Amino acid sequence: MIMEEVYNNIPTWDNGTWTITDFDSKEIFSDYILNIFKEPGKYNFNEVSLLFNEQGEIFRLNKVYCTHPFKSKDFIDYWDKEKQKCRKGVIFKSDNDTWYITRDYYMWLNFLPIFDKEQQKFDFAKIRDAQYHMALYELLAELNYKHVAILKKRQIASSYFHISKLLNQLWFEEGVTLKMGASLKDYINEKGSWKFLSEYAAFLNQHTAWYRPMNPDKILMWQQKIEIRKGDRKTEAGLKGTMQGMSFEKDPTNGVGGPVKYFFHEEAGIAPKMDQTYEYMRPAMRSGLTTTGMFIAAGSVGDLSQCNPLRDMILNPVSKDIYSVETNLIDNKGTIGLSGLFIPEQWSMPPHIDNYGNSLVEDALEALDKQFEQWKKDLSPEDYQLRISQHPRNIKEAFDHRSISVFPTHLVAAQTRRIEEKEYAYEFLDISTDAQGKPSVVNSNKRPIIEFPISKKTEDKTGVLVVWERPIKDPTFGQYYAFIDPVSEGKTTTSESLCSIYIMKAPVEVTKITGGESETYIEQDKIVAAWCGRFDDINKTHQRLELIIEWYNAWTLIENNISLFIQYMISRKKQRYLVPKSQIMFLKDLGSNANVFQEYGWKNTGTLFKAHLLSYTIEYCKEELDVETKPDGTIVKTKYGIERIPDPMLLKEMQEYSDGVNVDRLVAFAALVAFMRIQQANRGYSKRFIMDDAAKNLQKSENLFKLNKGLFRHMGNKSLNKNNGFKKSAFKNIK
């Protein structure tokens, strides 16, 4: 059915009377549906909702839909009207409430029974506002020429519903091409979703007037047609639509050619290469700049290494051309943002559903809180996180790591909160050279890159220099250190890597003199500046790094697996800023990089980062810097080393870290911490003296006293003359 037909002649139940509703345009119809679209728990279903699946209830009681004589006028009229509802959907009006049942949802509720696990028999799906919500979301996506991404809890009958959506098109529309795929063949073959398709088709052919034979009629390939004879000739009859299944075990682009009306990706949460499939499928769903088909990705989260494409679609819907909705289910703090459709555990959760299919969301959340607390007591941390990821209350719970983090998660979370609460002042600066060729900074309106991982579609990857503390005046060498994780190229569409630089201030032993009293303490090292980004012209990337290093006069550690920046600094005769390999003591201590023949920098080989450098960073975060106590000695607050890290993206990489995750910032920071710690152990602290005015005046007096005493210390010293047996005059050389 073409899009223009969707919004005309829609069967409408208006407070007991059946009528027809027409809309003047697709845009008006879309606005109408958007006005109906709310969220589970707020749809206010009442006794009218019992009409949503009235035909299914009739069959459940009588084991037949229509009792009128076969092919009689009433028989034909009944099946024509039901066909219209299965093609147009149905509007229900009750006083001030209006609901629209989409064509696929209506057909599913009334004509496509599923296997009910609770009853252990085939029965029709019960009315649930979460499934109604999902059906409206997909209609809105289609009306707005967008694609669909659904992250869902388990046991929401998503596979049954989406197979019915495909079958609805195959049964009633002419010449449609429909496809479904999955990362593994067993998800879609006779053991998987194709089984549901076969069950639906058998039921429709047996119990409705809509007989649809298939030829071919084999697993993973159907076409709706039949061979007939007209006179002495063979020909074909039928709607000629096709339904095809495919797996992507060997090739994520398998079978993606040709125009497609709907493509359903089964088990999208267990599909590590779905992003490639999606991009290859998109041309098949377009004609020029017009979207003609829809990609539907739906699934629960599986292993985290396999769900990144779904995660990207859910959390970055706009960049992926996914229909986005505003939600407060991003995390447990009620953060509001745009996402694909997320169906949490608290929606349509038995037994917290009323008799009409409304979700009792608050009751469900209260029950879940108690359940999760019990799981937390009974399960290991890994098992607990895995359990809640399958029953998520928010998107963050679905995608959180399931293993114990190597970083102290409570400290990382607390520091993230401090940053969010603006405890760290910062500036966004653009850096360039002034008239004398020296580094100069001005305020910038740009913002740092906050995507993790960064999308390949992000056009501006230049970022901005973030400064938490400007360099002191005329810093000496050794007061600041830098680390660079370089990039090998400028403009690219194949790499997500960014260049990272961190500037850290070295720890200082400070002696503060006030009047006649002195106090000595350690001013801890800390991150004072960071830049993460890249320019299309790699020379501009190198210039940005050079200026930041010069501004802070920072001794710089660099990964030398990419030598372009090292060569750049040598060509500029500024290699004095680069730490030679011979000075990187952690390489010597571990016997690492012995076969790396570079004069400057280090190479992150083997297990160097994971087995050695990472431990320095973990201890840096956990280090106790200070404690606040009550008079009785009770500790009120402990200040930890992580409070020296003001960069939220570095903390994000700590949270997300696991084997195989690209953590450029974390690698840079870990190497810098290791290098500085060993430097400190070998060289000790640099020293700084702070004196108030009184102390400065006193020092001047003491210096003057020392000066006077030093110049004339022998004048008038008779005992000295007597003891030495000769007279010494201050004016002996005057003639």
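**Close-up views of a sheet and its helices**

**View 1. Pairing of strands β21 and β23 in the predicted model.** Strand β21, residues 427-433, and strand β23, residues 465-467, run antiparallel and are joined by three bridges. Within this pairing, leucine 429 of the chain stands opposite leucine 465, which belongs to β23.

**View 2. The open sheet of seven strands.** The strands follow the order β22-β21-β23-β28-β25-β24-β29, and their pairing is mixed. At the edges lie β22 (439-443) and β29 (555-558), each of which pairs on one side only. On average, and with direction ignored, neighbouring strands of this sheet are turned by 25 degrees against each other.

**View 3. Helices α15 and α20 lying across strands of the sheet.** Helix α15, made up of residues 538-552, lies across β21, β22, β23, β24 (480-485), β25 (499-505), β28 (526-533) and β29, and runs at about 100 degrees to β21. Helix α20, residues 664-683, lies across β24, β25, β28 and β29, and its direction makes an angle of about 30 degrees with β25.

**View 4. Packing of helix α11 against helix α12.** Helix α11 (residues 361-378) packs with helix α12 (residues 381-389) at an angle of about 155 degrees, and their axes are 8 Å apart. Since angles over 145 degrees count as roughly antiparallel, α11 and α12 are therefore roughly antiparallel to each other. The crossing of these two helices, α11 and α12, is right-handed. Phe372, Trp375 and Lys376 of α11 make the contact together with Tyr384, Arg387 and Ile388 of α12. Sorted by class, the contact of α11 with α12 comprises four nonpolar and two charged residues, with no polar residues.

Conventions
Residues are numbered from 1 along each chain as its sequence is written. This is a predicted model: local features need pLDDT of at least 70, side-chain atom pairs count only at pLDDT 80 or more; totals for chains, interfaces and linings use all residues. Side-chain values use heavy atoms; hydrogens and water are left out. Two strands pair if DSSP finds at least two bridges between them. Helices (H or I, at least four residues) and strands (E, at least two) are DSSP runs, numbered from the N terminus. Axes are lines fitted to C-alpha atoms, for helices over the stretch in contact, and angles run from 0 to 180 degrees between N-to-C directions. Contact means heavy atoms within 4.5 Å. Angles under 35 degrees count as roughly parallel, over 145 as roughly antiparallel, 65 to 115 as roughly perpendicular and the rest as oblique. A crossing is left-handed if the near helix is turned anticlockwise from the far one by less than a right angle, and right-handed if clockwise. Ala, Val, Leu, Ile, Met, Phe, Trp, Tyr, Cys and Pro count as nonpolar, Asp, Glu, Lys and Arg as charged, and the others, Gly among them, as polar.
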